[in-house]
Amino acid sequence: MNNILSVLENYTLENADDISMKLATDFRTRRIEKNMTREMVAERSGVAVSNIIRFEQKGLISLKNLIGIAMAMEYTSEIKNIFDQPKYSTMEELTQIRKNSGKKKVHKLKHLQ
């Protein structure tokens, strides 16, 4: 039952606030599992304890600080590779991804100018 709920939860996170709070909750869980205090994470990451508290309580953190605490918690590859693989929902998207692979920028469509 717990696995079903966790799978369903992944599909119900629809906005940035929900996702940031899930990240914060998961961070806190992993921190406690590793028997690390906020102060220990702050020392290892260079992120102020006040920023770690704000993240855990409100889900608010800068990208640089998130990277710092991820590295301190040994999640470097996970955060570094967040956009590593293309994502697609339809075959049309996959075709477009393959077509655009290697491009350096997107050009405006003429009808949008």
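Predicted model: local features only at pLDDT ≥ 70, side-chain atom pairs only at ≥ 80, totals over all residues.
**Exercise 1. A network of salt bridges**

*Solution.* Step 1. The structure holds six salt bridges. One of them brings together the side chains of Glu56 and Arg28, at 3.8 Å from N to O. This pair links distant parts of the chain, since Glu56 is in helix 4 (residues 49-58) and Arg28 is in helix 2, 28 residues apart.

Step 1. Glu56 also forms a salt bridge with Arg31, where the closest N and O atoms are 2.7 Å apart. Arg31 lies in helix 2 and Glu56 in helix 4, so this pair ties together parts that are 25 residues apart in sequence.

Step 2. Salt bridges that share partners join Arg28, Arg31, Arg38 and Glu56 into one network.

Step 3. Arg31 has 7% and so is buried. Arg28, at 40%, counts as partly exposed.

**Exercise 2. The overall arrangement**

How many helices and how many strands does the protein contain?

*Solution.* Step 1. The protein has seven helices and zero strands. Read from the N terminus, its elements run α-α-α-α-α-α-α.

Step 1. Of the 113 residues in the protein, 19% are buried.

Step 2. Val41 is located in helix 3. Its relative accessible area is 0%, and Val41 is therefore buried. The C-alpha atoms of Val41 and Met73 are separated by 7.4 Å, while the two residues are 32 residues apart along the chain.

**Exercise 3. The largest pocket**

Which helices each supply at least two residues of the lining of the largest pocket? Characterise the pocket by volume and by the residues around it.

*Solution.* Step 1. The volume of the largest pocket is about 740 Å³.

Step 1. Its lining consists of 20 residues, and Leu23, Asp26, Leu66, Ile79 and Ile82 lie nearest the centre. Asp26 is also the salt-bridge partner of Lys22.

Step 2. The helices in question are helix 2 (16-33), helix 5 (63-72) and helix 6 (76-80). Helix 2 gives the largest share of the lining, six residues.

Step 3. By residue class, the lining divides into 15 nonpolar, one polar and four charged residues.

**Exercise 4. A nonpolar surface patch**

Identify the residues of a nonpolar patch on the surface and examine Met71 within it.

*Solution.* Step 1. The patch is formed by Leu63, Ile67 and Met71, which together have about 290 Å² of accessible area.

Step 1. Met71 is placed in helix 5. A patch residue needs over 30% relative accessible area. Met71 has 47% and is therefore partly exposed.

**Exercise 5. Positive phi angles**

Describe the location and exposure of Asn35 and Glu74, two residues with a positive phi.

*Solution.* Step 1. Most residues other than glycine have a negative phi. Although not a glycine, Asn35 has a positive phi of about 60°. Glu74, also not a glycine, has a positive phi of about 70°.

Step 1. Asn35 is found in the loop between helix 2 and helix 3 (38-45). Glu74 occupies the loop between helix 5 and helix 6.

Step 2. With 66% relative accessibility, Asn35 counts as exposed. Glu74, at 61%, counts as exposed too.

Methods: Residues numbered from 1 in each chain as written. Heavy atoms only, no water. 1 Å grid on protein atoms, 1.4 Å probe; cavity = no way out; pocket = protein on both sides within 12 Å on 5 of 7 lines; lining within 4 Å. Points joined across faces, edges and corners; volume = space filled by probe spheres on them. Helix = DSSP H or I, 4+ residues; strand = E, 2+ residues; numbered from the N terminus. Nonpolar A, V, L, I, M, F, W, Y, C, P; charged D, E, K, R; others polar. Patch = residues over 30% accessible without salt bridge, like charges linked within 9 Å, V, L, I, M, F, W, Y side chains within 5 Å. Areas by Shrake-Rupley, 256 points an atom, 1.4 Å probe, with all protein chains shown as cover. Salt bridge = Lys/Arg side-chain N within 4 Å of Asp/Glu carboxyl O. Buried < 20%, exposed > 50% of the residue type's maximum accessible area, 1.4 Å probe, protein only.
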